[in-house]
Amino acid sequence: MKLYNSVSRIVLEHNASFFIIDEPWDILINRDNLEGYLLTKTEKAKPLTAKEASKWFDKGVILPPISRQEVWAAGVTYLKSRDARMEESHNSGAASLYDRVYDAERPELFFKAVASRVSGHLQQVYIRKDSAWNVPEPELTLFINSNGNIQGYTCGNDMSSRSIEGENALYLPQAKIYEKSAGLGPCLYVTSTPIKPDTIINMVIRRDNAEVYNDSTTVSRIKRSFTELAGYLYRECDFPHGSYLMTGTCLVPSPDFTLKENDVVEITIDSIGTLINTIGINPKHK
């Protein structure tokens, strides 16, 4: 089942039917057995007709599936990500850092965004004007409740300024954390069953309506388990409203590619759907 967040209402999609959920987002999602709870809500929730649901989606009012949750990210969890990080940091002499963390017991985890810096489906994400090399990073993203238990998944876009991180590994926060540097959506996919290893993650980038990048991989290529990543995040941090954890970059455009304003990024993950973001630049830099 899928939960959609919006300005006016929360909509639950289940078995091709849509229901209005009248409950605050933070209270609704932050529980164990979220799937079971939502199933009980369908028995009493107001249904939407197909026509009403279509109008609601056509209005483009979908918000990112987040309220007071923090967004964190894991790095170098896929071999392709390790190789890309080593390549971008070769001149700085930090390539061995990424090689070592890929094989280390402790994963790389870093803070990514507060909700106000997160963009949703059909919204803009930004590239930094002071970065010469910018890429989107498609990531299966976990929703973890306050008890540290994974309750759902969404599509994540971990925007990255590779030239900044490549210059010096200590610049990672500046390469990763800025206005509209993260995308989540289009929904929160809720299931009590762990997502399948053969789940496909696909990313398409379009420029002037022409496809300039298209590649796919599967979740099975990740080195670490999701419960392992969640366990490390919750070791010494409390998240009273739960959290989102991007699980790592699995697709990386070639080194000669960088995003431009008005590019369109489409990230599709089986069972979840497609997150579409347009690339923009912070208006204060125009």
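How many disulfides does the count come to? The count is zero, and one of the views below takes up the cysteines. Before the views, some notes on reading them: this is a predicted model, in which local features need pLDDT of at least 70, side-chain atom pairs count only at pLDDT 80 or more, and totals for chains, interfaces and linings use all residues. Residues are numbered from 1 along each chain as its sequence is written, and side-chain values use heavy atoms, with hydrogens and water left out.

View 1. Helices (H or I, at least four residues) and strands (E, at least two) are DSSP runs, numbered from the N terminus. Along the principal axes, the C-alpha atoms fill a box of roughly 60 × 45 × 35 Å. Of the 286 residues, 54% are buried. Buried means under 20% relative accessible area, exposed means over 50%, and partly exposed lies in between (1.4 Å probe, protein chains only).

View 2. A disulfide is a covalent bond between the sulfur atoms of two cysteines. The rule used here asks for a pair of cysteine sulfur atoms within 2.5 Å. By this rule there are zero disulfides. C187 is buried, with a relative accessible area of 0%.

**View 3. W72, F111, Y234 and F239 form one aromatic cluster.** A pair of aromatic rings is described by the distance of the centres and the angle of the planes. Rings of Phe, Tyr and Trp (its six-membered ring) pair if their centres lie within 6.5 Å; planes under 30 degrees apart count as stacked, over 60 as edge-to-face and the rest as tilted. The structure holds four such pairs. The ring centres of W72 and F111 are 5.8 Å apart and their planes stand at 85°, so this pair is edge-to-face. W72 belongs to strand β6 (residues 70–75) and F111 to strand β7 (residues 108–113), so the pair ties together parts that are 39 residues apart in sequence. W72 is buried at 17% relative accessible area, whereas F111 is partly exposed at 27%. W72 also pairs with F239: the centres are 6.3 Å apart and the planes at 85°, so this pair is edge-to-face. F239 sits in the loop between α8 (226–233) and β17 (243–246), so its pair with W72 in β6 ties together parts that are 167 residues apart in sequence. F239 is buried, with a relative accessible area of 4%.

**View 4. Two arginines lie over tyrosine rings.** A charge sits over a ring if NZ of Lys or CZ of Arg is within 6 Å of the ring centre and within 35 degrees of the ring normal. R31 lies over the face of Y37, at 3.6 Å from the ring centre. R235 lies over the face of Y232, and here the distance from the ring centre is 4.0 Å.

**View 5. Strand β14 (residues 182–190) is largely enclosed by the rest of the structure.** Nine of its nine residues are buried. Strands of a sheet pair through backbone hydrogen bonds, either parallel or antiparallel. Two strands count as paired if DSSP finds at least two bridges between them. Strand β1 (residues 2–6) runs antiparallel to β14, joined by two bridges, and K2 stands opposite Y189. Strand β12 (residues 150–158) is also antiparallel to β14, with six bridges; here Y153 has Y189 as its bridge partner. Strand β8 (residues 118–119) runs parallel to β14 with two bridges, and V118 stands opposite A182.

**View 6. Five strands form an open sheet in the order β9-β19-β18-β15-β16.** The pairing is mixed. At the edges are β9 (123–126) and β16 (210–218), each pairing on one side only. Strand β15 (residues 200–207) runs antiparallel to β16, and eight bridges join them. V204 has N214 in β16 as its bridge partner.
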